[in-house]
Amino acid sequence: MAQQLSGEVFTKPKVELHVHLDGAIRVQTILDVAERRGISLPADTVEEMTQVIILQKPATLTEFLGKFAEYMHVIAGDREAIKRIAYEFVEDKAREGVVYVEVRYSPHFLANTQVDPIPWDQEEGDVSPDEVVRLVNKGLNEGERTFNIKARSILCCMRHMPSWSMNVVEMCKKYRHEGVVAIDLAGDESLNCEAYPGHRMAYEEAVRCGIHRTVHAGEVGPPSVVKEAVEVLKAERVGHGYRTLEDKDLYQELLAQNMHFEVCPISSKLTGACDPDFTKHPVIRFREDKANYSLNTDDPLIFNSSLHLDYSTAHKYMGFTEEEFKRLNISSAKSCFLPEEEKEDLLNKLYEAYGMLQSTAF
């Protein structure tokens, strides 16, 4: 269970690039939808259900992924719930001072038809992955208008389901002007693309069509997974990437390329990705080397955390200052997947909020 720290350490506008929609759902929403749908849960209060869902102590990535089975069957396949979690996500990010967010999810994990196998032991229904994307887009768009922040989405391929990947890239193409900005690959890093060529084919199509690309790599897997992400899948950003530091040559190459690392401090402790001692976290090296990286929550529901907690942790245990928070958010904005004109607007908003002239930006 994540320890809460008092006092907000960075109150200025923030950018978040690595957070999963299905890992950022409100517990009250899970209870509400379960009651409406007549689905029984192991607890019926927010406090009790929270204890069921969250990781209480550092665990394996497999144990972490198992937590989704506690509640995803409640949300998946329900149109009202899917739209609601997207809308509420934007509201929650606005409260955290986020002005731009890219939220990722697997459309197939929220569907109950045109997906094989149907996830979460659901019965066949009528909500396809394509409709999931339309519902999430609608929820995010309504949240944007209500809460005055910008929200875009990234569609995830899953390493253990290469048969879904071409469908994912096709939806990225179809909805690229309706809020979807990139493709991602998530899941068990031991399942490489040499053995599962469906992912490589999807990413080749993404490159061909100008779809932006990020890949979960180097979280718990070796540096070779990062190398594959960058060289084979042509990733423009790396999700996590901590193990890159174990390959000095690769790390220096990625520094020279200004590769962006999507860092998630609280997550990395509770999934066992990094040393539980935050004073030894890889992001300290990233900071010292002026690497290009962001701070993100990953799955705040399961970690019982917030973006505020990630920033507080970086401040308290890793020596982060307000100037470094400004620098990493400028780097995040520069590395986001918005079109260039919108990216420039976002950067100008940050420069103004940070009291910086663009000519003196990091």
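**Reading helices, sheet and cysteines**

Biologist: How far is the sulfur of Cys157 from the closest cysteine sulfur?

Modeller: That closest sulfur belongs to Cys172 and is 7.1 Å away, too far for a bond. A disulfide needs the two sulfur atoms within 2.5 Å. Keep in mind that this is a predicted model.

Biologist: How many disulfides does the rule give?

Modeller: The count is 0. Cys264 is in no disulfide either, as its nearest cysteine sulfur, in Cys274, is 9.9 Å away.

Biologist: Are these cysteines buried or exposed?

Modeller: Read the relative accessible area, where buried means under 20%. Cys157 has 1%, so it is buried. Cys264 has 0%, so it is buried as well.

Biologist: How many bridges join β5 to β6?

Modeller: There are 4, between β5 (residues 212–217) and β6 (residues 237–240), and the two strands run parallel. Ala217 stands opposite His240 in β6.

Biologist: How do α5 and α6 cross, left-handed or right-handed?

Modeller: Take the axes, then the angle, then the hand. The axes of α5 (residues 79–95) and α6 (residues 129–147) come within 8 Å and cross at roughly 35°. The crossing is right-handed.

Biologist: Which residues of α5 and α6 meet?

Modeller: On the α5 side they include Ile82, Ala86, Phe89 and Val90. On the α6 side, Val132, Leu135, Val136 and Leu140 are among them. Charged residues take part too, including Arg79 and Lys83 in α5 and Glu131 and Lys138 in α6. By class, this contact has 11 nonpolar, 3 polar and 7 charged residues.

Biologist: What about a loop residue? Where does Ser306 lie?

Modeller: Locate the flanking helices, then check accessibility and contacts. Ser306 is in the loop between α13 (300–303) and α14 (307–318). Its relative accessibility is 16%, so Ser306 counts as buried. Leaving aside neighbours within four places in sequence, Ser306 is in contact with Glu96 and Thr297.

Methods
Residues are numbered from 1 along each chain as its sequence is written. This is a predicted model: local features need pLDDT of at least 70, side-chain atom pairs count only at pLDDT 80 or more; totals for chains, interfaces and linings use all residues. Side-chain values use heavy atoms; hydrogens and water are left out. Axes are lines fitted to C-alpha atoms, for helices over the stretch in contact, and angles run from 0 to 180 degrees between N-to-C directions. A crossing is left-handed if the near helix is turned anticlockwise from the far one by less than a right angle, and right-handed if clockwise. Contact means heavy atoms within 4.5 Å. Buried means under 20% relative accessible area, exposed over 50%, partly exposed in between (1.4 Å probe, protein chains only). Two strands pair if DSSP finds at least two bridges between them.
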